[in-house]
Amino acid sequence: MAADSRAKAATLALRQRLLSSSCRLFFPEDPVKIVRGRGQYLYDERGVEYIDCINNVAHVGHCHPLVVQAAHEQNQVLNTNSRYLHDNIVDYAQRLSETLPEPLSVFYFLNSGSEANDLALRLARCYTGHQDVVVLDHAYHGHLSSLIDISPYKFRDLDGQKEWVHVAPLPDTYRGPYQEDHPNPAEAYANEVKHLVSSAQEKGRKIAAFFAESLPSVGGQIIPPAGYFSRVAEHIHRAGGLVVADEIQVGFGRVGKHFWAFQMQGEDFVPDIVTMGKSIGNGHPVACVATTQAVSRAFEATGVEYFNTFGGNPVSCAVGLAVLDVLEKEQLQAHAASVGNFLMELLSQQKAKHPIVGDVRGTGLFIGVDLIKDEAMRTPATQETEYVVSRLKDKHILLSADGPGRNVLKFKPPMCFSLDNAQYVVAVLDDILTDMEEKLRSCETLRIHPGKHPPNKQALLWSTGPGCRVAAGSRPS
Ligand SMILES: Cc1ncc(COP(=O)(O)O)c(C=O)c1O
């Protein structure tokens, strides 16, 4: 039986029987079965079209014909490991090097963002001879044990913070300790890192690396103040550590003005290591670590081979090259800049109209809409956000929410997301917010309803005040 002709309920039953429930679904109350994708659209088993605002992996569009063709053509000829000479891997390294500042001139190829960050950690420890890592609060850097340890987003729910991990505040000028009215938030947040490093050193600890996403995403689509990373780099370098820019979600032109998000910080900032994943292969498992000659030489000096069975194989590199070709040919970075500006403008109008919209921030097609309960405290409107996400899905718009309060709507669609898509999505959001405001005026509040739903899968219901009808939604995982 073709997989996509199986009834949705049967697929769900098989999944529940055969897969761990730790592997969560979006919209667990009413999961979506997606059987086809094209550009910025996904299609379910009934042929219903969804606008995809979530998928920053299908960077140049789902199933882009040129990327699919490149994989197919190379698959017909050869796929083997990188211990043989092959042009694809060197062509690909060459093309990537043209996008990066000159010091970042050595490349390692891998299969996932987690592998890339794990190697970055090894490189930093090897080069510095130090062990400790400074990370930003709420960060996520991957699912390997080494990376769970440096991901407060995860380790807080597990066995906690290791003694070699130091957590700096998220440079969030909307909700963090230094906000938009601070005279120099970049310096203030960087000083937090400086103090963290000093107090670690007083305890005899030595810093190997500062790890950060160039724009923290699970942290709530944060735009660090300009100059923050250069100042942090000074403190980290002084302590003998390296700076790792995790570009796994935000690289490859997504931010519009620049190809890499770290470049938003100015030309004087060059990380020691850059990690890439997700968008690099448009859905094909590709990842990369770029670093300096000096860091790479230190790693080589151990005499231990770096071997990765699938990393850098001819098919992966053909795919990576095709993604770069499409980005150029379709001028998707410039497209992200103009559609992103338009979307920011439309969302800012929503902020002016709806008090629940506390902040709209972003660049290119990396945008966050921070929903709040009250302007004074900027209290996260968590349940309302869940409700909005669920209603958007009912209107066939797939969008997720994140941030410490799970109250930030995240726009990170494929880069071919259009002006029309932006206009449509914001019009639907406007209707949902207007309707919700009316309900909130006439009803009491939203509440989470436990009961018959599986664990961790609660329904959101409107409380049953007079004249209120019940509107159910669900918590996306
Ligand atoms: C910023 C960041 N780094 C690393 C990773 C890990 O990448 P992967 O899931 O490909 O291992 C992710 C995945 O969500 C991520 O968002």
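**View 1. The lining of the second largest pocket in this predicted model.** Here we look into a pocket lined by 17 residues. Nearest its centre lie S82, I89, F107, F109 and G311. Two elements, α3 and β4 (106-110), each give two or more residues to this lining. The largest share comes from α3, with four residues. For anyone thinking in terms of volume, the second largest pocket has about 320 Å³. Sorted by class, its lining has ten nonpolar, four polar and three charged residues.

**View 2. L96 and its contacts in the predicted model.** Now we turn to L96, a residue of helix α3 (residues 87-99). L96 has a relative accessible area of 0%, so it counts as buried. Setting aside neighbours within four places in sequence, its contacts are F107, F109, F252, M276, C288 and L324. Two of these, F107 and F109, are also among the residues nearest the centre of the second largest pocket. As for L242, its C-alpha atom is 21 Å from that of L96, and the two residues are 146 apart along the chain.

**View 3. Helix α4 from end to end.** Helix α4 runs over residues 113-128, which makes 16 residues. After the helix comes G129, with a positive phi near 75 degrees.

Conventions. Residues are numbered from 1 along each chain as its sequence is written. This is a predicted model: local features need pLDDT of at least 70, side-chain atom pairs count only at pLDDT 80 or more; totals for chains, interfaces and linings use all residues. Side-chain values use heavy atoms; hydrogens and water are left out. The expected span of a helix is 1.5 Å times one less than its number of residues. Buried means under 20% relative accessible area, exposed over 50%, partly exposed in between (1.4 Å probe, protein chains only). Contact means heavy atoms within 4.5 Å. On a 1 Å grid over the protein atoms alone, a cavity is a set of points where a 1.4 Å probe fits but cannot get out, and a pocket is an open set with protein on both sides within 12 Å along at least five of seven lines; lining residues have an atom within 4 Å of a point. Grid points are joined across faces, edges and corners, and a volume is the space filled by probe spheres set on the points. Ala, Val, Leu, Ile, Met, Phe, Trp, Tyr, Cys and Pro count as nonpolar, Asp, Glu, Lys and Arg as charged, and the others, Gly among them, as polar.
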